[in-house]
Amino acid sequence: EAFGGWKPEAKGREQVKAGIELSKDLRAAVITDKEVTSAEVGVSIIRELRPEKTVGDFRRGMVEQFGGMMMNRRLRRMVQEGGAPFQSAQIGGGAFMGYCEILSVDAEGEPDQVMPMLKAVLVEVLRAREHGFREDEFEVAKRVIGAGLAQAAARESTVDSASWMMR
């Protein structure tokens, strides 16, 4: 009703390309500084932005959310148990500028541990891809995600209109 008098533009604006190239080949960069007291390593993949229009797309997103949570908990546990060459590590990703999706795994630690850090995070990612996660890891993720959804549902009626519009 409130916008009934507005007429849609005949043709929507074309999305401006950001100049980002999707991953086709491996690329690497090593940046050093003698004064830096810690080091970061990471691997990123830039891929085409996938649609989220169907139940299958939603399911894929949920599987990725669960996988990311379980992987990050596993990496934190490695640090807590003292068996990791890194001081912190995480996996993450998401849409970037509405054009592409960036997926990455990163670790931070001592400068002399760059290669062991990189190897350790890649081994864990490949282990999860090859063997999956344990049942107890999945149960914890279900509880955490379920609690977050319950909190979001409880707050839903109090979300201000400006925040609601930005979803």
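The dialogue below concerns the helices of this predicted model.

Student: What span should the 21 residues of helix α3 have?

Tutor: At 1.5 Å a residue, α3 (residues 135-155) should span 30 Å, and this agrees with its end C-alpha atoms, which are 30 Å apart.

Student: Which residues of α3 are buried, and which are exposed?

Tutor: Glu-137, Ala-141 and Ile-145 are buried. Seen down the axis, the buried residues of α3 fall within an arc of 45 degrees, so they line one face of the helix. Exposed on the other side of α3 are Glu-135, Arg-143, Gln-151, Ala-153 and Ala-154.

Student: What covers the buried residues of α3?

Tutor: The cover includes α1 (55-80).

Student: How is the packing of two helices described?

Tutor: One gives the angle between their axes and the distance between the axes. For α1 and α3, the angle is about 115 degrees and the axes are 10 Å apart. Their crossing is right-handed. Among the residues making the contact are Phe-66 and Met-69 of α1, and Phe-138 and Ala-141 of α3. By class, this contact of α1 with α3 has nine nonpolar, one polar and five charged residues.

Student: Which residues of α2 are buried?

Tutor: In α2, Met-117, Ala-120, Val-121, Glu-124 and Ala-128 are buried. They cover an arc of only 90 degrees around the axis, and therefore lie on the same side of α2. These buried residues pack against β1 (39-48), α1, β2 (88-96) and β3 (100-109).

How values were computed: Residues are numbered from 1 along each chain as its sequence is written. This is a predicted model: local features need pLDDT of at least 70, side-chain atom pairs count only at pLDDT 80 or more; totals for chains, interfaces and linings use all residues. Side-chain values use heavy atoms; hydrogens and water are left out. Helices (H or I, at least four residues) and strands (E, at least two) are DSSP runs, numbered from the N terminus. The expected span of a helix is 1.5 Å times one less than its number of residues. Buried means under 20% relative accessible area, exposed over 50%, partly exposed in between (1.4 Å probe, protein chains only). The arc is that of the directions from the helix axis to the C-beta atoms. Contact means heavy atoms within 4.5 Å. Axes are lines fitted to C-alpha atoms, for helices over the stretch in contact, and angles run from 0 to 180 degrees between N-to-C directions. A crossing is left-handed if the near helix is turned anticlockwise from the far one by less than a right angle, and right-handed if clockwise. Ala, Val, Leu, Ile, Met, Phe, Trp, Tyr, Cys and Pro count as nonpolar, Asp, Glu, Lys and Arg as charged, and the others, Gly among them, as polar.
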